[in-house]
Amino acid sequence: PYALPVEKELHTMFACGSYPAYVTDMRDAGLLNDGGCGDTIEASLYEEVTHCSASVGCTYDAASGKVDVAAKLYSETDASYRMAAYVLEDKVIGEQAQADGSVDKSYSHRHVVRAMLSSSVKGDDMGKVRAGSEKACSWSFTADEGWNLDNLSVAVLAIDENGHVNNMATCAADGGKMGYGYIK
């Protein structure tokens, strides 16, 4: 069984049959045991052309536990985009099967997807963005009482016409903010 619907959607999109697996920029996927993850990250950083940028900011209401997420996408070229948004929690302690068959009951899991805010892994349709302009979108969620707010963040992905992540931004869920990043 899948913990979240997003997990099933990713497994179907990238034919991930086992763990641990990786997906880089919604473009490349594989098993970590087979290697290649570092190569795809390297290619993403130095070979793929980035033609847009994303920004994100969160406001947290402690009384209600509600987090409002505001994101923007700026494009250097006329193109259609989608924006995907995820709630992540870092340092989630839980069980982890080890290669030797044992189970580590206090494993610290990194950047665990707690919720998907966009309508799907492929993101919400932003339509055409003209060169030199931006479009905004927003989402809201209520932080689960079991989540550690100090380790909670939101990541937004700017997805291009090919379905690949062209850029992204991330910030703390409790009042974090990240402006437009690097465009090459």
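This is a predicted model: local features need pLDDT of at least 70, side-chain atom pairs count only at pLDDT 80 or more; totals for chains, interfaces and linings use all residues.

Me: What makes the contact of E134 and K72 a salt bridge?

Reply: The side chains of E134 and K72 meet at 3.7 Å, N to O, and because the criterion asks for a Lys or Arg nitrogen within 4 Å of a carboxyl oxygen of Asp or Glu, the pair qualifies as a salt bridge. The pair links distant parts of the chain, with E134 in strand β10 and K72 in strand β4, 62 residues apart.

Me: How do you know whether D90 is buried or exposed?

Reply: The relative accessibility of D90 is 12%, and because buried means under 20%, D90 counts as buried. The side chain of D90 meets that of R110 in a salt bridge of 2.6 Å, N to O, and R110, with a relative accessible area of 51%, is exposed, as the cut-off for that label is over 50%.

Me: What makes the pair of D78 and R130 a tie between parts of the chain?

Reply: The side chains of D78 and R130 meet in a salt bridge at 3.6 Å, N to O. D78 lies in the loop between β4 and β5, whereas R130 lies in the loop between β9 and β10, so the pair ties together parts that are 52 residues apart in sequence.

How values were computed:
Residues are numbered from 1 along each chain as its sequence is written. Side-chain values use heavy atoms; hydrogens and water are left out. Helices (H or I, at least four residues) and strands (E, at least two) are DSSP runs, numbered from the N terminus. Buried means under 20% relative accessible area, exposed over 50%, partly exposed in between (1.4 Å probe, protein chains only).
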